[in-house]
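Subject: Handing over the protein–DNA model

Hi there,

Here is the structure I promised to pass on to you. Please open it alongside this email, and then read on for what turned up in it.

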There are 4 protein chains.
Amino acid sequence: MVQKPAPDSTRRSEKSRRAIYDAALALVVEAGYAKTTIEGIAARAGVGKQTIYRWWSSKADVLLEAFLDLSEQYAEAVATPEELQYGIPDTGDLAADLRYVLRATVDQLLEPKFEAPSRALAAEGVVDAQFAAQVVSRLLEPQLQLYVQRLKAAQDAGDVRHDIDPRIALELFVSPLAQRWLQRTGPLSYEYTDALVDYALYGLAPR
Amino acid sequence: MVQKPAPDSTRRSEKSRRAIYDAALALVVEAGYAKTTIEGIAARAGVGKQTIYRWWSSKADVLLEAFLDLSEQYAEAVATPEELQYGIPDTGDLAADLRYVLRATVDQLLEPKFEAPSRALAAEGVVDAQFAAQVVSRLLEPQLQLYVQRLKAAQDAGDVRHDIDPRIALELFVSPLAQRWLQRTGPLSYEYTDALVDYALYGLAPR
Amino acid sequence: MVQKPAPDSTRRSEKSRRAIYDAALALVVEAGYAKTTIEGIAARAGVGKQTIYRWWSSKADVLLEAFLDLSEQYAEAVATPEELQYGIPDTGDLAADLRYVLRATVDQLLEPKFEAPSRALAAEGVVDAQFAAQVVSRLLEPQLQLYVQRLKAAQDAGDVRHDIDPRIALELFVSPLAQRWLQRTGPLSYEYTDALVDYALYGLAPR
Amino acid sequence: MVQKPAPDSTRRSEKSRRAIYDAALALVVEAGYAKTTIEGIAARAGVGKQTIYRWWSSKADVLLEAFLDLSEQYAEAVATPEELQYGIPDTGDLAADLRYVLRATVDQLLEPKFEAPSRALAAEGVVDAQFAAQVVSRLLEPQLQLYVQRLKAAQDAGDVRHDIDPRIALELFVSPLAQRWLQRTGPLSYEYTDALVDYALYGLAPR
DNA sequence: TTATAACCGAGACGGTACGTCTAGTCTTGTC
DNA sequence: GACAAGACTAGACGTACCGTCTCGGTTATAA
């Protein structure tokens with residue numbers, strides 16, 4: 001089997017890469033993922049198709065990198081210095097901190113520039129295990145680890161049972177929100193996320 | 001706008017419909033959703049393309065109906081008479097009942113004949129709101145309502161706080177499983193689902 | 001080989017046949033032969049497709065009968081009693097008679113209701129030998145025989161050489177007109193047809 | 001109206017063009033014009049459909065160019081140097097020259113590789129005025145002009161009346177042959193074409 | 001006078017081809 | 001050698017008709 005020699009990344013055009021990211025994100029927002037095509041991205045970016053095929057293996061791959069790039073830019077632009085380590089606030093009141101973060105997540109999930117590409121990546125991952133591994137390791141898991149850290153701190157402070165696994169525990173409030181958003185099984189609201197925090201922390205069974 | 005007259009469903013070929021369902025499901029399992037085409041379904045079913053376009057509006061639409069049909073068949077074939085009302089068991093022990101059902105769900109989620117089409121429907125819904133509404137109302141919500149009923153019974157029995165909303169509460173253990181499966185954010189196992197039931201019922205905070 | 005039993009023509013619907021003729025002719029005039037379809041004819045005639053397939057073997061076949069019917073109607077409506085035997089006038093002046101008939105032919109060839117179906121039949125015949133045999137025997141040859149008769153009369157009157165074959169001779173003036181019209185190799189005009197009569201009767205070589 | 005940008009003909013694949021010509025001609029000969037499809041041509045030529053649609057506007061258009069190309073090749077292969085100017089022989093005996101050429105034409109008209117595509121082009125032209133203009137200007141008229149030249153030479157030599165129009169005169173013997181062939185109104189033979197030359201040159205009326 | 005068989009309008013069916021669109025590869029000329 | 005441009009083979013899209021078939025309904029002889 002003849003292996004195509006890897007392209008020389010030192011000679012890569014930064015301008016083209018940026019144009020491709022912008023075009024891919026814009027098309028997904030404007031036309032939807034299904035109607036976004038490699039040809040369309042190339043045309044909008046003013047780039048040859050081969051330049052896309054040289055550096056990425058699929059439409060989804062382009063979009064993943066474009067979205068990661070967007071997230072980075074966004075984080076740099078918005079975050080205050082103390083949020084730059086990009087954690088979940090720790091005011092000592094776990095419930096309040098979680099309510100705050102989930103409310104912020106709701107806001108972000110409804111912002112079209114994030115929503116459209118996020119959905120595209122998620123959909124691709126649902127159906128393509130290999131791609132899902134990329135999405136999880138580069139996008140989802142890093143975010144979930146922030147919750148793990150906050151929950152571990154809460155365990156140290158005695159606010160969370162010591163026999164629970166933080167990696168599972170976070171799913172009690174994160175996954176319901178994720179599923180409602182992804183599968184549209186219900187509306188998103190602050191009341192909803194507040195309730196999730198309450199139920200998750202104190203359980204469904206009477207005390 | 002010119003409206004095509006609706007086809008006469010009384011003259012519809014039952015044989016063709018069945019063949020289309022079978023072909024669609026088989027192709028999704030064998031080749032994957034992305035490589036499943038209307039043309040391929042028609043060819044495999046021994047049917048003209050127009051027969052598909054006459055009765056369904058898209059590949060996803062075909063698959064949804066095929067899957068609903070499959071579920072019906074499966075339910076009829078497998079269910080014992082008392083399960084035929086198709087509920088969640090109520091032995092009086094809520095935790096045990098939920099553990100049982102979630103373990104069964106894990107088994108089903110890993111069965112290829114269910115997994116492949118389920119993922120396809122989910123992925124389409126993630127990206128297409130209109131289709132998602134169909135999936136939710138015809139597939140997901142009916143299943144979720146079974147949990148609502150069981151939780152209400154548990155409230156009556158005093159096993160669940162009276163101030164919680166069952167429709168939200170069920171998400172504490174269902175959504176984590178759904179998300180791990182859909183997005184592949186973690187492995188599925190009986191230990192995992194057992195833990196979910198425990199955490200959800202008794203909360204994360206110490207008693 | 002199982003032979004389909006011939007349909008019972010005594011029970012045939014005259015109304016449908018007329019409607020089919022009208023629809024076929026109208027569509028060929030309005031939309032052109034290529035865009036005229038059996039389905040279109042059936043729809044316009046308010047007739048089931050099977051009613052067409054029952055009585056005719058092809059689109060061309062329908063059109064041939066429709067055109068023959070039209071010609072009959074036209075002949076009955078227009079012809080004076082003495083023309084009803086439908087011959088070429090014989091005033092004793094062969095050249096004048098031919099000039100008259102060819103001028104009338106030019107007029108008819110340019111009339112859309114005749115032109116469109118005539119062209120369609122001709123085109124089909126060019127490419128389909130079996131159909132051409134129908135067209136020749138039912139449409140073209142009967143008309144050409146009128147020239148044969150007139151030329152034979154002219155031979156008897158001594159106006160035409162006795163050693164010529166009238167069936168060939170008539171082509172000297174008829175075929176040029178036919179070809180100009182069919183293949184559009186030149187314009188049709190009275191001057192042109194007058195010239196044809198002159199050249200044909202008296203030859204190209206100097207006397 | 002949005003105009004598709006014209007493709008860059010300098011980058012056109014010569015190999016594909018040749019393959020398309022060959023496939024088109026072969027299919028018309030083997031299967032007939034009606035059963036020759038763009039898809040079939042593409043498949044036989046080992047070419048994408050788009051490559052045909054990029055360079056031609058219709059099946060008829062492909063065939064016209066294929067036939068012109070064939071004619072060129074044929075002319076180069078067969079013609080002796082002196083025939084390469086490709087005229088009608090001028091031995092001084094007009095009648096003999098015309099008899100010779102018309103006999104050769106009969107032979108060619110009956111050769112399947114020429115007959116099938118010629119008929120297809122003629123049939124299309126009968127029904128499509130715009131296409132007919134192409135056929136006439138690129139195929140028919142150049143051939144007819146050869147007769148015009150020969151007849152003008154004959155006029156100079158005193159063998160043809162000076163008051164006749166050669167462009168019309170040639171039709172006296174060419175059009176009958178053309179019509180018999182096209183519309184199959186009669187058999188083709190050397191006796192027939194010889195008679196046409198005789199009648200046309202010396203007229204039908206007695207001398 | 002009914003029944004019964006054909007024609008009839010309607011249109012669903014298995015197919016085939018249309019003309020368009022995009023995938024992914026390859027080629028050409030520019031920087 | 002990366003790049004913009006775009007021609008190439010391949011094949012799916014959704015539509016339009018083909019010619020066959022099945023369905024009720026409506027006549028028009030034959031029982």
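Which side chain of chain B meets Asp198(A) in a salt bridge? The partner is Arg161(B), with an N to O distance of 3.1 Å. A salt bridge here is a side-chain nitrogen of Lys or Arg within 4 Å of a carboxyl oxygen of Asp or Glu.

Some housekeeping before the rest. This is a predicted model, in which local features need pLDDT of at least 70 and side-chain atom pairs count only at pLDDT 80 or more, while totals for chains, interfaces and linings use all residues. Residues are numbered from 1 along each chain as its sequence is written, chains are lettered from A and ligands numbered from 1 in the order in which they are written, and side-chain values use heavy atoms, with hydrogens and water left out.

**Chains A and B**

Chain B can be laid on chain A with an RMSD of 0.1 Å, by a turn of 180° and a shift of 0.0 Å along the axis. The two copies are thus related as by a two-fold rotation axis. The superposition is by least squares on the C-alpha atoms of residues with pLDDT of at least 70 in both copies. Within chain B, the residue that comes closest to the rotation axis is Gly203(B), whose C-alpha is at 1.7 Å.

The contact (heavy atoms within 4.5 Å) joins 49 residues of chain B to 49 residues of chain A. Because 100% of the interface residues of chain B are also interface residues in chain A, the copies meet through the same surface. About 4,600 Å² is buried between chain B and chain A, with 62% of it on carbon and sulfur atoms. In chain B, the residues that lose the most area to chain A are Val126(B), Arg161(B) and Leu204(B), together 17% of what that side buries. Buried area means the accessible area (1.4 Å probe) that two parts lose on being put together, summed over both.

There are four salt bridges across the interface of chain B and chain A, and 28 residue pairs are in polar contact, both residues being at pLDDT 80 or more. A polar contact is a pair of N or O atoms within 3.5 Å; within protein, one must be able to donate a hydrogen and the other to accept it, and residues adjacent in sequence count only if both atoms are side-chain atoms. H10(B) gives the largest share of the side of chain B that touches chain A, namely ten residues. Helices (H or I, at least four residues) and strands (E, at least two) are DSSP runs, numbered from the N terminus. By class, that side of chain B has 29 nonpolar, seven polar and 13 charged residues. Ala, Val, Leu, Ile, Met, Phe, Trp, Tyr, Cys and Pro count as nonpolar, Asp, Glu, Lys and Arg as charged, and the others, Gly among them, as polar.

**Chains C and D**

Chain D gives 49 residues to its contact with chain C, which also gives 49. The area buried between chain D and chain C is about 4,600 Å². The count of salt bridges between chain D and chain C is four. In one salt bridge, the side chains of Glu171(D) and Arg180(C) meet at 2.8 Å, N to O.

**The DNA**

DNA strand E is surrounded by 41 residues, the closest being Lys49(A), Gln50(A), Arg54(B), Thr51(C) and Arg54(C). A residue is near a strand if one of its heavy atoms lies within 4 Å of it. Phosphate oxygens of DNA strand E lie 2.7 Å from a polar side-chain atom of Thr51(C), 2.8 Å from a polar side-chain atom of Trp55(B) and 2.8 Å from a polar backbone atom of Asp8(C). H3(B) supplies the largest share of the surface near DNA strand E, five residues.

DNA strand F has 41 residues around it, with Ser13(A), Tyr53(B), Lys49(C), Gln50(C) and Thr51(D) nearest. Of its atoms within 4 Å of the protein, 63% belong to sugar or phosphate and the rest to bases. Arg11(C) has a polar side-chain atom 3.2 Å from a base oxygen of DNA strand F.

Happy browsing, and do write back with any questions!
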